[in-house]
Amino acid sequence: MRIVISILMFIVGLGCIAYSYVGTVIRLAEDAARTADSGDEAGAISMVIDFIMRGEVPQLAGYLYAGALLIVLAVVYLLLGKSKDPEDDTAPDKN
């Protein structure tokens, strides 16, 4: 069960990161479209290239950080979670 929970947390974390980047691309495309609609096509291209060259953090950074946190928690939970195995050496003897 611990593995399933860790895998689900990892997938949700990746989904949050993907949502952050997709949302950023959509917002950038909307800004570029507004600039192009105003008649400045070269300015729209320049804006996109400038955004890529600066390597800006996605505008939805909360989802980016939440996704990274979920991935870290999933790995830590998988590696350091307590075993519920009844034959574990740390279980008290019944004698």
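This briefing describes the helix packing and the aromatic pairing of the structure shown above. The model is a predicted one. The protein has three helices and zero strands, and its elements follow the order α-α-α from the N terminus. Of its 95 residues, 19% count as buried. Among contacts with a separation of 6 or more, 76% come from residues 24 or more positions apart.

**Packing of H1 with H2**

- Helix H1 spans residues 2-37 and helix H2 spans residues 41-54; their axes lie 7 Å apart, at an angle of about 155 degrees.
- Because an angle over 145 degrees counts as roughly antiparallel, H1 is roughly antiparallel to H2.
- The crossing in which H1 passes H2 is right-handed.
- On the H1 side, the contact is formed by Thr24, Leu28, Asp31, Ala32, Thr35 and Ala36.
- On the H2 side, these residues meet Glu41, Gly43, Ala44, Met47, Val48 and Phe51.
- Sorted by class, the contact of H1 with H2 comprises seven nonpolar, three polar and two charged residues.

**Packing of H1 with H3**

- Helix H3 covers residues 61-80.
- The axes of H1 and H3 come within 7 Å and cross at roughly 160 degrees.
- This angle makes H1 roughly antiparallel to H3.
- The crossing of H1 and H3 is left-handed, whereas that of H1 and H2 is right-handed.
- The contact of H1 with H3 contains 20 nonpolar, four polar and one charged residues.

- One aromatic pair is found when the whole structure is searched.
- The pair consists of tyrosine 19 and tyrosine 63, whose ring centres are 4.8 Å apart.
- The ring planes of tyrosine 19 and tyrosine 63 stand at 75 degrees, so the pair is classed as edge-to-face, a class that requires planes over 60 degrees apart.
- Tyrosine 19 belongs to helix H1 and tyrosine 63 to helix H3, so the pair ties together parts 44 residues apart in sequence.
- Tyrosine 19 has a relative accessible area of 46% and is therefore partly exposed.
- Tyrosine 63 likewise counts as partly exposed, at 40% relative accessibility.

Methods. Residues are numbered from 1 along each chain as its sequence is written. This is a predicted model: local features need pLDDT of at least 70, side-chain atom pairs count only at pLDDT 80 or more; totals for chains, interfaces and linings use all residues. Side-chain values use heavy atoms; hydrogens and water are left out. Axes are lines fitted to C-alpha atoms, for helices over the stretch in contact, and angles run from 0 to 180 degrees between N-to-C directions. Helices (H or I, at least four residues) and strands (E, at least two) are DSSP runs, numbered from the N terminus. Angles under 35 degrees count as roughly parallel, over 145 as roughly antiparallel, 65 to 115 as roughly perpendicular and the rest as oblique. A crossing is left-handed if the near helix is turned anticlockwise from the far one by less than a right angle, and right-handed if clockwise. Contact means heavy atoms within 4.5 Å. Ala, Val, Leu, Ile, Met, Phe, Trp, Tyr, Cys and Pro count as nonpolar, Asp, Glu, Lys and Arg as charged, and the others, Gly among them, as polar. Rings of Phe, Tyr and Trp (its six-membered ring) pair if their centres lie within 6.5 Å; planes under 30 degrees apart count as stacked, over 60 as edge-to-face and the rest as tilted. Buried means under 20% relative accessible area, exposed over 50%, partly exposed in between (1.4 Å probe, protein chains only).
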